[in-house]
Amino acid sequence: MRSRILLGALSAAVVIVVASTIFLLAPPDVDEGVVRLKPGDLKLVRLGADIYAQNCAACHGDDLKGERDWMDANPDGSLKAPPHDETGHTWHHQDDLLFRITKLGTAKAVGLENFNSNMPAFEGVLTDTEIIAVLSWIKAQWPQEIRERHDLINAQGGAPSS
C-alpha cells in the first residue's frame, strides 16, 4: 500500500515538474503560435529598449527614424533600414510578421528568395522573448492613435487597404 502511495506521489510530482518546465520555457507573449506584442508591459519594454540600443539602433536610429532617404534603394539594390516610428510602415504589419522578419530576416520571413535586404536574421542571437521585447518597445514609442490602428490590423488579420 505504501509503495502505491509513493508511486502516485512521484507520478504527480513528475507531472507538475514537466508542466512547470513547459510553462517557464515557453515565450510569454506567444499564444497558440500567434505573437502578441505587449507595449504596456513595463519590464518587457525596458528590456526591449536595451536590446534595441545594442542590436537595432545602428541601422534604424536611436530615434527610430531609419536611414536617410529610406524609400530609395542603395546602389547595390538593397533596401535601406526603414523608420520604426509612426512615419514608417512598421505599424502596418501584424505582430507575427514583425516577429518573423526580426527572427528570420526579411527574405525568409516573406518567402522571397532573392529579396535584397540588409536586415539580418536574429535567430540564434536573440531569444523569442527578446525579439518580442524589442518589438514591444518599438510599439510603446508610437502615438496612442497609431497603437490603436496597429491593434485593429492585428485583430483584422492584415494591413488596412488604404
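**Figure 1. The whole chain, before zooming in.** Count up the secondary structure of the protein chain and you get 7 helices and 2 strands. This is a predicted model, so keep that in mind for every close-up below. Going along the sequence, the order is α-β-β-α-α-α-α-α-α. The chain has 162 residues, and 33% of them count as buried. If you take contacts between residues at least 6 apart in sequence, 55% of them join residues at least 24 apart. The accessible surface comes to about 10300 Å², and carbon and sulfur atoms hold 58% of it.

**Figure 2. The nonpolar core.** Here we're looking at the largest nonpolar core, a set of 25 residues. Y52, F99, I132, V134, L135, W137 and I138 are the ones with the most contacts inside it. The top contributor is α6, with 8 residues. Pick out I138 and, leaving aside residues up to four places away in sequence, you'll find it touching Y52, L64 and H84.

**Figure 3. S78 and its surroundings.** S78 sits in the loop between α3 (57–60) and α4 (95–104). Setting aside residues up to four places away in sequence, S78 touches A73, N116 and N118. Also have a look at S117: the C-alpha atoms of S78 and S117 are 5.0 Å apart, while the two residues are 39 apart in sequence.

**Figure 4. Two positive phi values in one loop.** L64 lies in the loop between α3 and α4, and D69 is found in the loop between α3 and α4 too. Phi of L64 is near 70 degrees, a positive value in a residue that isn't glycine. D69, also not a glycine, has a positive phi of about 50 degrees. As for cover, L64 is buried with a relative accessible area of 5%, whereas D69 counts as partly exposed at 46% relative accessibility. L64 is also one of the residues touched by I138.

**Figure 5. The R36–D95 salt bridge.** The structure holds 5 salt bridges, and this one pairs R36 with D95, their closest N and O atoms being 3.8 Å apart. R36 lies in the loop between β2 (34–35) and α2, and D95 in helix α4, so the pair ties together parts that are 59 residues apart in sequence. R36 is partly exposed at 34% relative accessibility, but D95 is buried at a relative accessible area of 1%.

Figure 6. R100 and D96 form a salt bridge, with 3.1 Å between the closest N and O atoms. The two residues are 4 apart in helix α4, which means about one helical turn separates them. R100 is partly exposed, with a relative accessible area of 30%, and D96 counts as partly exposed at 25%.

**Figure 7. From α6 to α7.** The side chains of K139 and D151 meet in a salt bridge, 2.5 Å from N to O. K139 belongs to helix α6 and D151 to helix α7, so this pair, 12 residues apart, links distant parts of the chain. K139 is buried, with a relative accessible area of 2%, while D151 counts as partly exposed at 41%.

Methods:
Residues numbered from 1 in each chain as written. Predicted model: local features only at pLDDT ≥ 70, side-chain atom pairs only at ≥ 80, totals over all residues. Heavy atoms only, no water. Buried < 20%, exposed > 50% of the residue type's maximum accessible area, 1.4 Å probe, protein only. Contact = heavy atoms within 4.5 Å. Areas by Shrake-Rupley, 256 points an atom, 1.4 Å probe, with all protein chains shown as cover. Core = buried A, V, L, I, M, F, W, Y, C linked by side-chain atoms within 4.5 Å. Salt bridge = Lys/Arg side-chain N within 4 Å of Asp/Glu carboxyl O.
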